[in-house]
Amino acid sequence: MNIVRPLPHEVPWQLLGLAPPAGNEDITRLMRIAKSEDGILGGYLLEEPHGESGVWRILRLAVRESARRQGLGYYLVGHATGVAESRGATEIRVECQQDRPAWRLFCRYGYQPVASGKLCFFTYGE
């Protein structure tokens with residue numbers, strides 16, 4: 001399995017619950033997918049900070065139903081966190097309902113509840 005930026009024909013719009021953007025906006029710059037010989041297994045989409053805030057967001061993270069409960073979601077959370085951190089993130093935020101399995105997944109990785117339906121991972125500079 002590889003985690004890569006999707007080619008234009010590989011963007012998993014439906015899996016991520018997104019519609020293709022109108023115009024020439026390239027949202028795949030901060031999108032990664034998990035690919036194997038079985039096809040696209042999952043992916044995520046990040047949003048970089050506006051201005052100098054250092055606060056990144058995980059906008060979407062999804063794993064194909066047939067690939068769930070095998071550690072891929074945890075791996076994707078780590079990958080997304082690492083990409084944001086390597087680009088200077090001081091915080092990485094995600095919105096998620098507390099009763100969803102993703103809430104537990106993010107908490108297991110070290111994200112902390114900061115508000116109702118919101119989690120945050122705080123990074124530490126070296």
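Me: Which exposed residues does the face of H3 turned away from its buried side carry?
Reply: The model is a predicted one. Exposed here requires over 50% relative accessible area. On the face of H3 turned away from the buried side, the residues that qualify are Pro-101, Arg-104 and Arg-108.

Me: Within what arc do the buried residues of H3 fall, seen down its axis?
Reply: The buried residues of H3 are Trp-103, Leu-105 and Phe-106. They line one face of the helix, because the view down the axis of H3 places them within an arc of 165 degrees.

Me: Against which elements do the buried residues of H3 pack?
Reply: Trp-103, Leu-105 and Phe-106 are the buried residues in question. Their packing partners are S4, H2, S5, strand S6 (112–115) and S7.

Me: Which element gives the most to the largest nonpolar core?
Reply: This core has 26 residues, and Leu-46, Ile-58, Ile-92 and Tyr-111 touch the most other members. Two or more residues come from each of strand S3 (39–47), strand S4 (55–63), helix H2 (72–86), strand S5 (91–95), helix H3 (101–109) and strand S7 (118–122). With 6 residues, the element that gives the most is H2.

Me: With which residues is Ile-58 in contact, leaving aside its neighbours within four places in sequence?
Reply: Contact requires heavy atoms within 4.5 Å. Once neighbours within four places in sequence are set aside, the partners of Ile-58 are Leu-45, Leu-46, Ala-80, Ile-92, Arg-93, Val-94, Phe-106 and Tyr-111.

Key
Residues are numbered from 1 along each chain as its sequence is written. This is a predicted model: local features need pLDDT of at least 70, side-chain atom pairs count only at pLDDT 80 or more; totals for chains, interfaces and linings use all residues. Side-chain values use heavy atoms; hydrogens and water are left out. A nonpolar core is a set of buried Ala, Val, Leu, Ile, Met, Phe, Trp, Tyr and Cys residues joined through side-chain atoms within 4.5 Å. Buried means under 20% relative accessible area, exposed over 50%, partly exposed in between (1.4 Å probe, protein chains only). Helices (H or I, at least four residues) and strands (E, at least two) are DSSP runs, numbered from the N terminus. The arc is that of the directions from the helix axis to the C-beta atoms.
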